[in-house]
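Here is a short walk through one protein model. Have the sequence and the 3D view open while reading.

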Amino acid sequence: MGKKGFVFDLDGVIVDTAKYHYLAWKKLAGELGFVFTEEQNELFKGVSRKRCLEILLEIGNIKANQEQFDKWMKEKNEDYLAYIEKMGKSEILPDVPRVLSFLKNRNVKIALGSASKNARTILEKVELLPYFDSIVDGNDVSKAKPDPQVFLIAAKNLHVDPMDCVVFEDAVAGIQAANNAKMVSIGIGDSDILNEAKYNFNDFTEIGDDFLESLL
Ligand code: BG6
Ligand code: MG
């Protein structure tokens, strides 16, 4: 009760971009001579681009100097952006616009809290940018989830006490970050995996207006 700020993760919560991240990482792994599985891709959820490449190289047992590392990061992002370029409104996950509209009509503040440096581009592509009072993304943070930094900056930008904020997240590290920020964490996805969340839903179609109302 009494919640005034709502913070949304992007990848896996608003849009299913994990599949594009996967395809881009898989292509790079292929070029480097090994297979990158969808299961391994789970480890990349909520993790920064730099850390993802470090993990990928560990999986492939590949050593790289700084120049090679930067080149691969750039190449992966260019491949990823080629997928993003083709995105449109149809790729918004079910009922996300309903929940955003409900909250907007109730005059609460809405922020994005994402590890992605491509967050603005994606929100623009799917035409959801106008809903957000603040966007905090990979360009604004120095500490990755589960550190609460991204969500604390969002609360500050919204001028809302962290304890009066709610976070929607699909990554374990994201739920931990929300809990570390003393916010109400809502897991979107598998409740066995996101078992540290205060509330769990498979997706937004399960989040009714009455539940949202009970948070306000
Ligand atoms: C997170 C994704 O939202 O953003 C991660 O879950 C991704 O998989 C991270 O690595 C960084 O994204 P980007 O767009 O800056 O490469
Ligand atoms: Mg996510």
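Does Asp-11 count as buried or exposed? The model is a predicted one, and in it Asp-11 has a relative accessibility of 17%. Because buried means under 20% relative accessible area, Asp-11 counts as buried. Asp-9 is buried by that cut-off too, with a relative accessible area of 5%.

The magnesium ion (ligand 2) is coordinated by Asp-9, Asp-11 and Asp-170. Asp-9 and Asp-170 each use an OD atom, while Asp-11 contributes its O atom. The distances run from 2.0 to 2.1 Å. Along the sequence, the donor residues of the magnesium ion (ligand 2) follow the spacing D-x1-D-x158-D.

The next step is the division of the protein into domains. Domain 1 is made of two segments, 5-16 and 90-215, and domain 2 covers 18-84. Their C-alpha centres lie 25 Å apart.

How many residues of domain 1 are in contact with domain 2? There are 11 residues on the side of domain 1, and they touch 11 residues of domain 2. The size of an interface is often given as the accessible area lost when the parts come together. Between domain 1 and domain 2 the buried area is about 1,100 Å², and carbon and sulfur atoms give 50% of that area. Asp-16, Glu-91 and Asn-118 supply 40% of what domain 1 buries against domain 2, more than any other three residues.

Lys-19 forms a salt bridge with Glu-91, and the closest N and O atoms of the pair are 4.0 Å apart. The count of salt bridges between domain 1 and domain 2 is one, and two residue pairs are in polar contact.

Definitions and conventions
Residues are numbered from 1 along each chain as its sequence is written. Chains are lettered from A and ligands numbered from 1 in the order in which they are written. This is a predicted model: local features need pLDDT of at least 70, side-chain atom pairs count only at pLDDT 80 or more; totals for chains, interfaces and linings use all residues. Side-chain values use heavy atoms; hydrogens and water are left out. Donors are N, O and S atoms within 2.8 Å of the metal (3.2 Å for Na, K and Ca); water is not among the atoms, so sites may look incomplete. Buried means under 20% relative accessible area, exposed over 50%, partly exposed in between (1.4 Å probe, protein chains only). Domain bounds come from an automatic or database domain assignment. Contact means heavy atoms within 4.5 Å. Buried area is the accessible area (1.4 Å probe) that two parts lose on being put together, summed over both. A salt bridge is a side-chain nitrogen of Lys or Arg within 4 Å of a carboxyl oxygen of Asp or Glu. A polar contact is a pair of N or O atoms within 3.5 Å; within protein, one must be able to donate a hydrogen and the other to accept it, and residues adjacent in sequence count only if both atoms are side-chain atoms.
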